[in-house]
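Please read the report below alongside the sequence and the 3D view.

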Amino acid sequence: MVLLAMVAASLMPLLSATAGSGPGASLRAGNRSATTAAVTQCDFKDVGTCESSNPTVRIFYYTVGDTSRCTFTTKIDWGDGTTPQNVVVPGSSTDGFTLAATHKNPFKGKQQKFVISVTGSASGGCFWSDGSVEFTYLACDTNHLSGASWEPKFPKSGSMDELAEPFRTNAYAFKNAMRMAGIDVDVISTFRSFQRAYLMQWSYKISRDNLDPATVPAFVPSAGQPSVDICWVHSDANGNPDRTASANAATALAKALVIYGNKTSPSANSRHCYRMAVDWTTVWTAATITVANTTGPPTTITSTPRSGLNPDLIKVGATYGLKHYGPIATDDANHWSDTGS
């Protein structure tokens, strides 16, 4: 990890430092290297070199002394042929790191090294020191390429006990009322991790919406949670991006996740992730059923369809605090949550 730093005196060896005294700024990089896990994002903070199959890198500046009166005008050349990025960073009253810029390198299909250089100037009586760091973009290895093998890595739950209160109690009550009315209720899914939701959304968009896999953002885990170290872009024998192979792998994953046939893309921020949603099939054969609700006398249902898309059953569910996914015209008969989303 490596930093762009504002430094007064003892600049690290990788910097091409200009002379100066007092408060200032520069790209600060140590004289040791940091090899990350295969797809961990490279943060250039306290080291000069970093390698990853994650194409996104972040550059940090470091300030020394009171630079609150100063402004640092810099240009970052990412070394990958893209247009250099102009970054203006205000000073700070205390020493510390500041995130200057985030950049996603264009996919090259095979290992490449980029020298990221930063030049700039300072106003307000401070000084700036130019510097550079090195980023090695690794090709994805087989273990991280997308495909059906990712489905079991973040399994779903089909247990209603995994739901959060008060939704859990409400869901049990509604399920019992439906079964008492003669409706066959079969629970499919309750809790879903954000990791699984991420795989669902982007495998669908690549396979069904023809999304360029190179544009898929990296998964950002919350503190203490596992990442999703997946490579969506597959390459051909020459190391070039292979859209067909990428789409086929995404399709295989979407089918394994049982969402390929959906009419709309799954959400990466699903209520399942908050334990506030349940997917279940609800079917019946009788022409007339009567379902208890929580706001008045039981509801008699003679309408069709005899599934979760039935408008009268949806109204009953709302009395229990379970809202059906809308609009009703969709093909998703099974999804109910606290918000309907």
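## A helix and a sheet

Asn-210, whose phi is positive, near 60 degrees, follows helix α2. The model is predicted, so local features need pLDDT of at least 70 and side-chain atom pairs count only at pLDDT 80 or more, while totals for chains, interfaces and linings use all residues. Residues are numbered from 1 along each chain as its sequence is written, and side-chain values use heavy atoms, with hydrogens and water left out.

Helices (H or I, at least four residues) and strands (E, at least two) are DSSP runs, numbered from the N terminus. Among the buried residues are Tyr-198, Trp-202 and Ile-206, and their cover includes α3 (243-256).

Elsewhere, four strands form an open sheet in the order β12-β13-β17-β16 with antiparallel pairing, where two strands pair if DSSP finds at least two bridges between them. The edge strands, each pairing on one side only, are β12 and β16.

| Strand | Residues |
|---|---|
| β12 | residues 184-189 |
| β16 | residues 323-324 |
| β13 | residues 277-283 |
| β17 | residues 335-337 |

Strands β13 and β17 pair over three bridges, and Val-278 has Trp-336 in β17 as its bridge partner.

How values were computed: Buried means under 20% relative accessible area, exposed over 50%, partly exposed in between (1.4 Å probe, protein chains only). Contact means heavy atoms within 4.5 Å.
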